[in-house]
Amino acid sequence: MKLFKKIAAVLAAGAILTAMPAMSLPTVSAAEPARHSIKYVESLGEWRYQATTTWDEKSNGRELYYLKQDIKDGDILLIIGKGGLNLSLDVTLGNLTFLETDYAVVSAKGYQEVYVLQNTTGVINGDVAKAYVYDNSICNLNNNVTELIVTGEKTLSSTVAVLGTVDRVTINNPDKSSYSCYSFGANTFVMDKGTIKTDYSKFSMTPPAASTTTPSGSADEYDDVPKTGESSMVFILLAAALLFFTGSYFLRTRKEA
């Protein structure tokens, strides 16, 4: 009778663990991107930092040292004001925005989005996924760009040069008309005051053919990998298996005795 009760207890514990919902265990989510801004403070004659993208005029902020200390991959950075800037960051930015800078150079590992707003001159070192340039801005992109969007809200008069390749360029005119061109080789894209100066032989007006390359792993293989929120169930099942194993071992040793 005692042996039966012990077997029942082991099986009951395994059943409870197996039935436990995965949601009972904590899940880990990615941190939200932090917001940073730097501004040239004329009264101090230097660039200063605040941990926000809405500059508080009541504060002169802190030294740029604190920006480099706090910023991380995926964060958002706003650069405001006139005063030559040369900034190097050891991160990949989620968003970089230039606002009325007369000459600002930023170097980083890469950028998801870059915005060069009107009345701005900016230089970007590092690959860019999407670059947006507006109105009469002047912009140098010194590495590869996946997509470049040049928009004339008041006037289409931007000057842009790209030293790397550009996969796609979209031009949005003030009259709301637009067009796209593709496949610019390295150091071929040049726009002068809203007009593309690149020779027609250096780019295409039609998008490249879609890739037919098949991923090395099949969909079934990816389905075998635990998704977010599923990994906790794997550990629950392992725990249940361990209890079942303990029960079977107990029975075996009892029988041998």
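**Close-up views of a predicted model**

**View 1. The buried cysteine C181.** In this predicted model, C181 has a relative accessible area of 1% and is therefore classed as buried. How many disulfides does a search of the whole structure find? The search returns 0. The cut-off behind this result is a distance of 2.5 Å, within which the sulfur atoms of a cysteine pair must lie. In general, a disulfide is a covalent bond that joins the sulfur atoms of two cysteines.

**View 2. G74 in the loop between α2 and β3.** The loop that holds G74 runs between helix α2 (64-70) and strand β3 (76-80). G74 has a relative accessible area of 32% and is therefore partly exposed, as this class covers values between the 20% limit for buried and the 50% limit for exposed. Apart from neighbours within four places in sequence, G74 is in contact with P33, T92, L93 and G94. Q112 lies 38 residues from G74 in sequence, with a C-alpha to C-alpha distance of 8.0 Å.

**View 3. E147 in strand β9.** Strand β9 comprises residues 145-151 and includes E147. Is E147 buried or exposed? Its relative accessibility is 17%, so E147 counts as buried, the cut-off being under 20%. When neighbours within four places in sequence are set aside, the contacts of E147 are A129, K130, A131, R168 and T170.

Conventions
Residues numbered from 1 in each chain as written. Predicted model: local features only at pLDDT ≥ 70, side-chain atom pairs only at ≥ 80, totals over all residues. Heavy atoms only, no water. Helix = DSSP H or I, 4+ residues; strand = E, 2+ residues; numbered from the N terminus. Buried < 20%, exposed > 50% of the residue type's maximum accessible area, 1.4 Å probe, protein only. Contact = heavy atoms within 4.5 Å.
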